[in-house]
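These are my notebook entries on a structure that I examined entry by entry. The sequence and model come first, and my notes follow.

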Amino acid sequence: MLAELRRSPFLDDLTSADRRVVPLLLTLPVGVVAALLAAVICGIAVFVAFAIAGGGVESAERLMAMISLGETPAGLTQIAFVISLLAFVNGGMALAFVGVAALLHRRRLSSYFTAASGFRWRLLLLGLGLFALTIGPLLLASAALDPKAHGAPLLAISPDLAGRLAYAALTVFLLVIAAAAEELVFRGWLIKVVGAWFPDPRVVLVLSGLLFSAIHFDPNLDAFLVRLAMGVGLAWMTLRLGGIEFAVGAHAANNILILLFIQPMSLKPDPPHGFPPETLVIAPLMLAGYVALAEIVARWAPLRRWTRLAAT
């Protein structure tokens with residue numbers, strides 16, 4: 001299967017110009033500054049939107065204070081505010097950073113999304129649905145077997161159906177945006193950078209996974225290994241299918257299932273804990289699941305036709 005990754009259309013457009021050191025070195029400081037400016041602008045936009053829709057400036061200020069104090073959000077308004085900030089701030093930062101990279105490397109911004117002529121929305125939807133139907137039940141089963149697991153946040157968010165449906169709709173919409181932001185940077189941009197210097201897809205997979213896991217700054221080794229497996233699997237999807245669309249869907253589905261059924265939104269990282277040995281089984285199985293999903297889409301003709309995926 002590595003042979004197919006070496007022929008990935010996502011790396012076909014790389015040239016010697018992508019190995020220029022000066023644009024790469026400039027991308028980091030200039031891109032970070034642009035990302036921070038975008039974060040401020042998007043944060044202000046979310047603040048203003050909630051001030052207008054949610055009872056004025058004082059109400060929005062209380063929501064900001066909640067975040068600054070690291071309090072756990074409770075209720076639909078607080079959770080919607082936190083997820084909106086997460087989605088739009090991260091989305092703005094990702095577009096700004098990768099936009100700088102595209103400008104400095106004289107690339108089209110769209111080339112960091114997909115090798116196709118346009119963004120393949122069907123592939124994103126397939127990633128959402130296929131992940132939810134296959135790996136989703138395994139996530140839910142593992143949570144059900146955990147004696148320390150929380151109840152389903154979807155049921156606790158509101159006593160009535162309308163509140164629960166609003167929470168579900170917001171979660172799906174905003175977490176797709178948040179996942180797209182992470183995929184654009186860690187699969188779209190990073191895979192191009194690493195692939196320009198290292199043609200071996202194994203290097204691309206490992207570096208993408210390592211940096212994706214490390215940037216979460218989680219002190220627990222089990223969380224690091226699970227995110228490493230996830231990062232490598234998402235990178236496989238990107239290389240195999242020629243773009244980040246399917247990876248965005250799978251990444252978003254993972255986060256959506258967690259926030260709807262497994263664990264409520266929290267602003268505090270998990271405290272340090274001992275290493276659960278079952279992680280050594282869970283992480284490889286997770287990686288195998290991500291690879292299997294990508295291969296099913298790449299090899300099964302009906303799915304290739306529906307997503308307009310070129311024969312692979």
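At which residue does helix 2 bend, and by about how many degrees? I found that helix 2 bends by about 35 degrees at threonine 27, and that proline 29 follows within four residues. The bend at a residue is the angle between axes fitted to the seven residues ending there and the seven starting there. Helices are DSSP runs (H or I, at least four residues), numbered from the N terminus.

I noted the source of the model. It is predicted, and local features need pLDDT of at least 70, side-chain atom pairs count only at pLDDT 80 or more, while totals for chains, interfaces and linings use all residues. Residues are numbered from 1 along each chain as its sequence is written, and side-chain values use heavy atoms, with hydrogens and water left out.

**Entry: helix 2.** I compared its length with expectation. The expected span is 1.5 Å times one less than the number of residues. Helix 2 (residues 21-53) has 33 residues and should therefore span 48 Å; its end C-alpha atoms are 47 Å apart, which agrees. I then looked up its buried residues (under 20% relative accessible area, 1.4 Å probe, protein chains only; exposed is over 50%, partly exposed in between). Among them are Leu24, Thr27, Gly31, Cys42 and Phe50. The cover over the buried residues includes helix 3 (57-68), helix 4 (76-104) and helix 7 (161-197).

**Entry: helix 7.** I read a kink of about 35 degrees centred on leucine 184.

**Entry: aspartate 18.** I located this residue in the loop between helix 1 (2-6) and helix 2. Is aspartate 18 buried or exposed? Its relative accessibility is 11%, so aspartate 18 counts as buried. Its side chain is joined to that of arginine 107 by a polar contact of 2.8 Å. Such a contact is a pair of N or O atoms within 3.5 Å; within protein, one must be able to donate a hydrogen and the other to accept it, and residues adjacent in sequence count only if both atoms are side-chain atoms. Leaving aside neighbours within four places in sequence, aspartate 18 is in contact (heavy atoms within 4.5 Å) with residues including His105 and Trp197.

Entry: I found a positive phi, near 55 degrees, at arginine 106, which is not a glycine. Arginine 106 is exposed, at 74% relative accessible area. Phenylalanine 217 also has a positive phi, of about 55 degrees, and at 65% relative accessibility it counts as exposed.

Notes: Helix = DSSP H or I, 4+ residues; strand = E, 2+ residues; numbered from the N terminus.
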